[in-house]
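This report describes selected features of one structure, from its sheet and cores to its ring contacts and backbone. The sequence and the coordinates are shown first.

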Amino acid sequence: MAILVLANPGQNVLIPKPGFSLYWTICQAYGIDSKHYDLLPERSWEIDLDHLESLIDENTSCIVVNNPSNPCGSVFTKDHILDICSVARRHKLPIIADEVYADMVFSESEFHSVSSLSEEIPVLTCGGLAKRFLCPGWRMGWIIMQSRTGAFDEEIRHGLFNLSTRVLGPCTLIQAALPDIFDNSRPEFYSHAMEVFESNAKLAYKTLKQIKGLNPIMPQGAMYLMCGLDPSYFADIKDDQDFVEKLMCEESVFCLPAKVMCIFCIFMPFKIGRHDGRWSTRLRAAKLKALG
């Protein structure tokens, strides 16, 4: 909805690479061009701001910023978000802030919403219950409009309302529960979940780091870890897709090749959400298989 309300067919939207593949899918389905700006693995997946700005032209309608990131697990600093807003301000572009993982950060990181730092830049912030609130499958989400200059007050507000009538909404049960979820969920519910995610992330990073040919990048939040792959260290491995297929067949450990996230170099996203012993056992089994 956020993309469709800001972009018309023939215009283009700037989306991250690697990034959530649904951005590209939506653009393709509605005749909107998508331009992928680079994220920098050597800088914990910060946006390459020079590359981002080089993609902007007269047909650019908005910039999509995903923070915390799916699939990278990155969490942008306050200064980096301010730099992103500066690019948007120079080119008078609105921002779509995909913050479905808002506040899902590890102990050494801090979450800053784009809208809290954007000043006069209009921002559509997308959130939902599935991640931080651990309510997947209920299809409950929201869009928060922020426009201190009033740029969204009429057309965008009306457009979002019209688009919402095209979508089968979430179950009324979860809609009725939403006030209690917001107001009465105990803080330890969230803190415990993040302790599990951070513990799994550290385990995955430590384990994968010991394997020659794998280069994991420690995430700062969300539910994912990206791992680089050098196929020259592995017999009969052509690329990331070949690796994950054989890993699944031999060790029942499933991860994704990064090409599904619109990045065409050798990375693999791992999901770090399991909280039982099977996840760590299978990860260690995969390590032994790779080392053996």
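Where does Ser 74 lie? Ser 74 is found in the loop between β4 and α4; helices (H or I, at least four residues) and strands (E, at least two) are DSSP runs, numbered from the N terminus.

## Basis of the values

The model is predicted, and local features therefore need pLDDT of at least 70, side-chain atom pairs count only at pLDDT 80 or more, and totals for chains, interfaces and linings use all residues. Residues are numbered from 1 along each chain as its sequence is written, and side-chain values use heavy atoms, with hydrogens and water left out.

Ser 74 counts as buried because its relative accessibility is 1%; buried means under 20% relative accessible area, exposed over 50%, and partly exposed in between (1.4 Å probe, protein chains only). Leaving aside neighbours within four places in sequence, Ser 74 is in contact with Ser 44, Trp 45, Asn 67, Pro 68, Ser 69 and Gln 220, where contact means heavy atoms within 4.5 Å.

Pro 71 also lies in the loop between β4 and α4. The peptide bond that leads from Asn 70 to Pro 71 is cis, with omega near 25°.

## The open sheet

An open sheet is formed by 7 strands in the order β3-β2-β1-β4-β5-β6-β7, with mixed pairing. Two strands pair if DSSP finds at least two bridges between them. β3 (46–47) and β7 (141–146) stand at the edges with a single partner strand each, so one side of each has no neighbour in the sheet.

Strand β1 (residues 12–17) pairs with strand β4 (residues 60–66) in the parallel sense, over 3 bridges. β4 and β5 are likewise paired in the parallel sense, over 4 bridges. Ile 63 of β4 stands opposite Leu 14, and the bridge partner of Ile 63 in β5 is Ile 95.

In a regular strand the side chains alternate between the two faces of the sheet. From β5, Ile 95 and Ala 97 point one way, Ile 96 and Asp 98 point the other way, and all are buried.

## Nonpolar cores

Which residues have the most contacts inside the largest nonpolar core? They are Tyr 37, Ile 63, Val 65, Ile 95 and Val 114, in a core of 27 residues. A nonpolar core is a set of buried Ala, Val, Leu, Ile, Met, Phe, Trp, Tyr and Cys residues joined through side-chain atoms within 4.5 Å. At least two residues of this core come from each of β2 (33–40), β4, α4 (78–90) and β5, and α4 supplies the largest share, 5 residues. A second, separate core has 19 residues, among them Ala 2, Ala 7, Val 13 and Cys 27.

Beyond its neighbours within four places in sequence, Ile 95 has contacts that include Ile 63, Val 65, Ile 84 and Val 114.

## Aromatic rings and cysteines

A search of the whole structure finds 8 aromatic pairs. Rings of Phe, Tyr and Trp (its six-membered ring) pair if their centres lie within 6.5 Å; planes under 30 degrees apart count as stacked, over 60 as edge-to-face and the rest as tilted. Tyr 101 and Tyr 224 form an edge-to-face pair, at 5.8 Å centre to centre with 80° between the planes. This pair links distant parts of the chain, 123 residues apart: Tyr 101 is in the loop between β5 (95–98) and β6 (123–128), and Tyr 224 is in strand β9 (residues 224–229). Both Tyr 101 and Tyr 224 are buried.

One aromatic cluster is formed by Phe 133, Trp 142, Phe 182, Phe 189 and Tyr 190. The charged end of Arg 132 sits over the ring of Tyr 190, 4.0 Å from its centre, and over the ring of Phe 133, 5.6 Å from its centre. A charge sits over a ring if NZ of Lys or CZ of Arg is within 6 Å of the ring centre and within 35 degrees of the ring normal.

The structure holds 0 disulfides, a disulfide being a pair of cysteine sulfur atoms within 2.5 Å. Cys 72 is buried at 1% relative accessibility, and Cys 126 is buried at 18%.

## Backbone exceptions

Most residues other than glycine have a negative phi, and most peptide bonds are trans. A cis peptide bond joins Lys 17 and Pro 18, with omega about 0°; Pro 18 lies in the loop between β1 and α2 (21–29).

Glu 119, in the loop between β5 and β6, has a positive phi near 55° and counts as partly exposed at 49% relative accessibility. Asp 236, in the loop between β9 and α8 (240–251), has a positive phi of about 60° and counts as exposed at 66% relative accessibility.
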